[in-house]
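Here is a friendly briefing to read with the structure open beside you. Take it one topic at a time, and look for each residue as it comes up.

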Amino acid sequence: MGLFDKLAGWLGLKKKDVNVLCLGLDNSGKTTIINQLKPTNARTQDIVPTIGFSVEKFKTSSLSFTVFDMSGQGRYRNLWEHYYKECQAIIFVIDSADKLRMVVAKEEMDTLLNHPDIKHRRIPVLFFANKMDVRDALSSVKVSQVLGLENIKDKPWHICSSDALRGEGLQEGVDWLQDMMKANIH
Ligand code: G3D
């Protein structure tokens, strides 16, 4: 059962649509996480593997996920930024074992949070410090320090360690995100 099934059911009753963006560098674990989260009856809507840029969308009647890589695709940036306007929640995935690229992840996160379509909105942002099972992976506290999350003052955010292969840590993050989204929907 997808971890978002309950929320999808609740949104269905409320007749509301919610778009969740799942972002992060390539290889951070986005696809693995989303496969665990997406509601069981979600359909893959479109996978658009244009050169250098691919977006995946999953949708149930009420909940949709848009997933894409933020790395190595600088010139496609305007294509992915197009999705910012419609999102109501963000999941940002970090490979806690990839210390070399953590600074790149931070740059991407800063650019995202300063984008005009994101900056002034109180969108909840859930961070997964993924691959916690890898030896030498940074703890969620350390990842949070490297990313400077304490500087995010204008949005609710939360960070969880996760092992997406085993599904560990995902439920805690999803519970937090669902609470935030429910609080925003009347
Ligand atoms: P992406 O969608 O962000 O590009 P993927 O990332 O979900 O495709 O994952 C990239 C690789 O990391 C995959 O390995 C996947 O199995 C692995 N991975 C994802 N999450 C975890 C985790 O929590 N722990 C560990 N150890 N590995 C993880 P492959 O070998 O298939 O490329």
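The accessible surface of the chain comes to about 9300 Å², and 51% of that surface belongs to carbon and sulfur atoms; accessible areas come from the Shrake-Rupley method with a 1.4 Å probe, and for residues only the protein chains shown count as cover. Please keep in mind that this is a predicted model, in which local features need pLDDT of at least 70 and side-chain atom pairs count only at pLDDT 80 or more, while totals for chains, interfaces and linings use all residues. Residues are numbered from 1 along each chain as its sequence is written, and side-chain values use heavy atoms, with hydrogens and water left out.

**The chain as a whole**

- Read along the sequence, they follow the pattern α-β-α-β-β-β-α-β-α-α-β-α-β-α.
- Of the 186 residues in the chain, 48% count as buried. Buried means under 20% relative accessible area, exposed means over 50%, and partly exposed lies in between (1.4 Å probe, protein chains only).
- Among contacts with a separation of 6 or more, 74% are between residues 24 or more positions apart; contact means heavy atoms within 4.5 Å.

**Around the ligand**

- Which residues are closest to the ligand? They are Asn 27, Lys 30, Thr 31, Thr 32 and Asp 133, out of 16 residues that surround it; a residue counts as near if one of its heavy atoms lies within 4 Å.
- This shell divides into four nonpolar, six polar and six charged residues. Here Ala, Val, Leu, Ile, Met, Phe, Trp, Tyr, Cys and Pro count as nonpolar, Asp, Glu, Lys and Arg as charged, and the others, Gly among them, as polar.
- Helix H2 (residues 30-37) gives the largest share of the shell, three residues.
- A backbone N or O atom of Gly 29 lies 3.0 Å from a ligand oxygen atom, and a polar side-chain atom of Asn 130 lies 3.1 Å from a ligand nitrogen atom.
- A polar side-chain atom of Lys 131 lies 3.1 Å from an oxygen atom of the ligand. On its own the ligand has 650 Å² of accessible area, and the protein covers 65% of it.

- Is Lys 30 buried or exposed? Lys 30, found in helix H2, counts as buried because its relative accessibility is 5%.
- The side chains of Lys 30 and Asp 69 are joined by a polar contact of 2.5 Å. A polar contact is a pair of N or O atoms within 3.5 Å; within protein, one must be able to donate a hydrogen and the other to accept it, and residues adjacent in sequence count only if both atoms are side-chain atoms.
- Asn 27 sits in the loop between S1 and H2 and counts as exposed because its relative accessibility is 55%.
- Lys 131 lies in the loop between S6 and helix H6 (140-147) and is partly exposed, with a relative accessible area of 21%.
- Most residues other than glycine have a negative phi. Phi is positive for Asn 27, near 75°, and for Lys 131, near 65°.

**Nonpolar cores**

- The largest nonpolar core has 27 residues, and those touching the most other members are Phe 4, Val 20, Leu 37, Leu 63, Ile 91, Leu 177 and Met 181. Such a core is a set of buried Ala, Val, Leu, Ile, Met, Phe, Trp, Tyr and Cys residues joined through side-chain atoms within 4.5 Å.
- H7 gives the largest share of this core, five residues.
- A second, separate core of 26 residues includes Cys 87, Phe 92, Leu 147 and Ile 152.

**Ser 96 in its loop**

- Ser 96 is in the loop between S5 and helix H4 (102-113) and counts as buried because its relative accessibility is 0%.
- The side chain of Ser 96 reaches the backbone oxygen of Asn 130 at 2.6 Å.
- Leaving aside neighbours within four places in sequence, Ser 96 is in contact with Met 102, Ala 129, Asn 130, Ala 137, Leu 138 and Val 143.

Terms used: Helix = DSSP H or I, 4+ residues; strand = E, 2+ residues; numbered from the N terminus.
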